[in-house]
Amino acid sequence: YLLNSKSDPNMWSKVFGTPLHIAAVLLHLKVCKILLANPKTDAMIAHPSKPPLLHTLCSTPCQKGQEHTLLQCLHALKRRRVDLNSVDAIGDCPFSVALRSGNNAAVRFLILAGARPAPGVLDEWSLALYEHTLEFQSKRKLWRKERRKRGGPKVILGLTLSDLCSDAGVELPVPAGSSYSQSEWKIPLLISDCCIFLCRHGIHLAGIFRVQGVAEETVELVKRYDSPYTLVDISEYNAHSVATFLKSFVSSLGESVIPSPYCNSLYNLCQSADFIEGRAVEEDEQLSEELLRSVQRVTSILYDLPMYHLPLLYYLLQFIHEVSKQESTNLMGMGNLSLLWGPLIVRPSTNEEQVEWMMEKKSSLVMTFLLT
């Protein structure tokens, strides 16, 4: 209301500074976001207060639930062309301020935005993270250059898991008892980014994965993830848009998470186990043994999946299970999620088979069995 009236948003006092700086100092990040969204506040951003606005936002770790708003404020400053490498009166850059304050959200933003830390401000771990990020940016440029030479598309939709994971994948802890090596237990960087973001900001939203995101944001995400090495700060996007993008990416994989040759045998076993489980297993030892044998055969098929397919399946099942645990708020129980994710993860190769599986809900039956 005050911004829409004749109130001057650029007023300031010698003691407290501008309204924007006061809001930043007091960590009223929603107020900062509103002020930064108003074009009248250009003079407020450029005001030579001490410390500068960017340093102030980087200097205090976010409270729970404030990280998303902080990153939106930082993105707004970047759009206003604020110098990310500026120094304050004592020679500190935003990078060193964020590191010293433990503001990890600001550190990630500054790395992805291309900010450069002053010499000597990074400890060993932070330096390794920073160099790893620069290495990925370099590999991204080489990958895109090679892609252009071959005349391939500028997006990564349609690539196989081997293309996405062999060099750029995110390593996950290998489950105990597994014969997989650490270099084989990896998932695409993009999927890790989206799932972590949704666990923080989207898991409680009603209709998550059922409600469509903003079309423009989904298209923008497709364009921004232009290589297996691309690091994207997705904090500025709507959670439903990220969820829609994640589904689109999984459905576009060059080979589905559970490839076509495994679909029918897996469905038959899951159908058999589902039928057995629906009977009085606890009262019949023979039925219980049959169910156990079916589960063991399913496990055997899954361990026979091509490289990188089982780690991704394992990761997605854990993630979907976490989403289903919030059914009281997001209204997305196991049944709904199986119907949505089944056709994306268990996908036959031909269109005719895909239609048949969808009509008979075969994919959702397999997903329900795997999730339970």
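Let's start with helix α12. A239, H240, S241, V242, A243, T244, F245, L246, K247, F249 and V250 are buried there. Keep in mind that this is a predicted model.

How many residues of α12 are buried? The count is 11 of 13, so the rest of the structure largely encloses this helix. What covers those buried residues? The cover includes α9 (161–165), α10 (189–201) and α11 (215–224). It also includes α15 (309–324) and α17 (334–345).

Now the length. Helix α12 runs over residues 239–251. At 1.5 Å a residue, its 13 residues should span 18 Å. The end C-alpha atoms are 18 Å apart, so the span agrees.

Next, the N-terminal end of α12. N238 caps it. A side-chain oxygen of N238 lies 2.7 Å from the backbone nitrogen of H240.

Let's move to α10, one of the helices covering α12. S192 lies in α10. Is S192 buried or exposed? Buried means under 20% relative accessible area. S192 has 8%, so it counts as buried. Leaving out residues up to four places away in sequence, S192 touches V170, I187 and Y315.

Two or more lining residues come from each of α5 (67–79), α7 (104–112) and α8 (124–150). Helix α8 gives the largest share, 5 residues. By class, the lining has 7 nonpolar, 4 polar and 8 charged residues.

Notes. Residues are numbered from 1 along each chain as its sequence is written. This is a predicted model: local features need pLDDT of at least 70, side-chain atom pairs count only at pLDDT 80 or more; totals for chains, interfaces and linings use all residues. Side-chain values use heavy atoms; hydrogens and water are left out. Helices (H or I, at least four residues) and strands (E, at least two) are DSSP runs, numbered from the N terminus. The expected span of a helix is 1.5 Å times one less than its number of residues. Buried means under 20% relative accessible area, exposed over 50%, partly exposed in between (1.4 Å probe, protein chains only). Contact means heavy atoms within 4.5 Å. A polar contact is a pair of N or O atoms within 3.5 Å; within protein, one must be able to donate a hydrogen and the other to accept it, and residues adjacent in sequence count only if both atoms are side-chain atoms. Ala, Val, Leu, Ile, Met, Phe, Trp, Tyr, Cys and Pro count as nonpolar, Asp, Glu, Lys and Arg as charged, and the others, Gly among them, as polar.
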